[in-house]
Amino acid sequence: MYIEKYWYHYIGGTDDSLTLVDYLCDKGQAELSLSEIFADTGLDRQHGDFRTSLDLAYTDAEGNCHDFCYAIDLVTDLAALLLESRKSGGVHISDLFDSEDRDLFVKLTAAPEEDQAMNRVLADFSAAPLAYDLSEMMDAEDLQEMARDCEAVRAELYEP
């Protein structure tokens, strides 16, 4: 898996990451756009500002609601999965966590305006991680390390 150098650490290593994988499996689609994911999870209601998390959740096929805690966790995980999709054509869900046995291959896609928005938010987080509500759960040193990983993902996605 191409994103293994980022995944499992600060990106892909949270409860929100597990909830995202559950969401992807519940959708069961081979291809998902960022706009659909944003609409399904409530990220679209953030209007591009992910410093403070609003009520983020998705409702599964059985009608159960599953919450996401931090918008920026969800965004950074999506950025990494988007990078994997571009480098490898998609991601095998079973590769994301050692205990994951669901067999789904999914490709994330982004329209140009979604790429611009993702580039902006990753750059903003990389420059000012302490301004995000995630700082209530992580110390400054860990946030700075996460910001470095986010900047590396952003650079791989959006710089030639």
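User: Is lysine 27 buried, partly exposed or exposed?

Analyst: Some ground rules come first: this is a predicted model, in which local features need pLDDT of at least 70 and side-chain atom pairs count only at pLDDT 80 or more, while totals for chains, interfaces and linings use all residues. Residues are numbered from 1 along each chain as its sequence is written, and side-chain values use heavy atoms, with hydrogens and water left out. Buried means under 20% relative accessible area, exposed means over 50%, and partly exposed lies in between, with a 1.4 Å probe and protein chains only. Lysine 27, at 26% relative accessibility, therefore counts as partly exposed.

User: Which side chain meets that of lysine 27 in a salt bridge?

Analyst: Side chains of opposite charge can pair when their charged atoms come close. The term salt bridge is used here for a side-chain nitrogen of Lys or Arg within 4 Å of a carboxyl oxygen of Asp or Glu. The partner of lysine 27 is glutamate 36, at 2.8 Å from N to O, and glutamate 36 is itself partly exposed, with a relative accessible area of 25%.

User: How many salt bridges does the structure hold?

Analyst: The structure holds 9 salt bridges. One of them joins glutamate 156 to lysine 5, with the closest N and O atoms 3.3 Å apart. This pair links distant parts of the chain, since glutamate 156 belongs to helix α5 (residues 140–158) and lysine 5 to the segment before α1 (15–27), 151 residues apart; helices here are DSSP runs of H or I with at least four residues, numbered from the N terminus. Glutamate 156 is partly exposed, at 24% relative accessibility.

User: Where in the chain do aspartate 115 and arginine 86 lie?

Analyst: Their side chains meet in a salt bridge of 2.7 Å, N to O. Aspartate 115 lies in helix α4 (residues 112–127) and arginine 86 in helix α3 (residues 71–88), so that the pair links distant parts of the chain, 29 residues apart. Aspartate 115 counts as buried because its relative accessibility is 16%, whereas arginine 86, at 39%, is partly exposed. Elsewhere, salt bridges that share partners join Asp22, Glu100 and Arg102 into one network.

User: What does the side chain of serine 85 reach?

Analyst: Serine 85 lies in helix α3 and counts as buried, at 4% relative accessibility. Its side chain reaches the backbone nitrogen of leucine 108 at 2.9 Å. With contact taken as heavy atoms within 4.5 Å, serine 85 touches Gly90, Val106, Lys107 and Leu108, residues up to four places away in sequence not being counted.

Note on methods:
Helix = DSSP H or I, 4+ residues; strand = E, 2+ residues; numbered from the N terminus. Polar contact = N/O pair within 3.5 Å; in protein donor to acceptor, adjacent residues only side chain to side chain.
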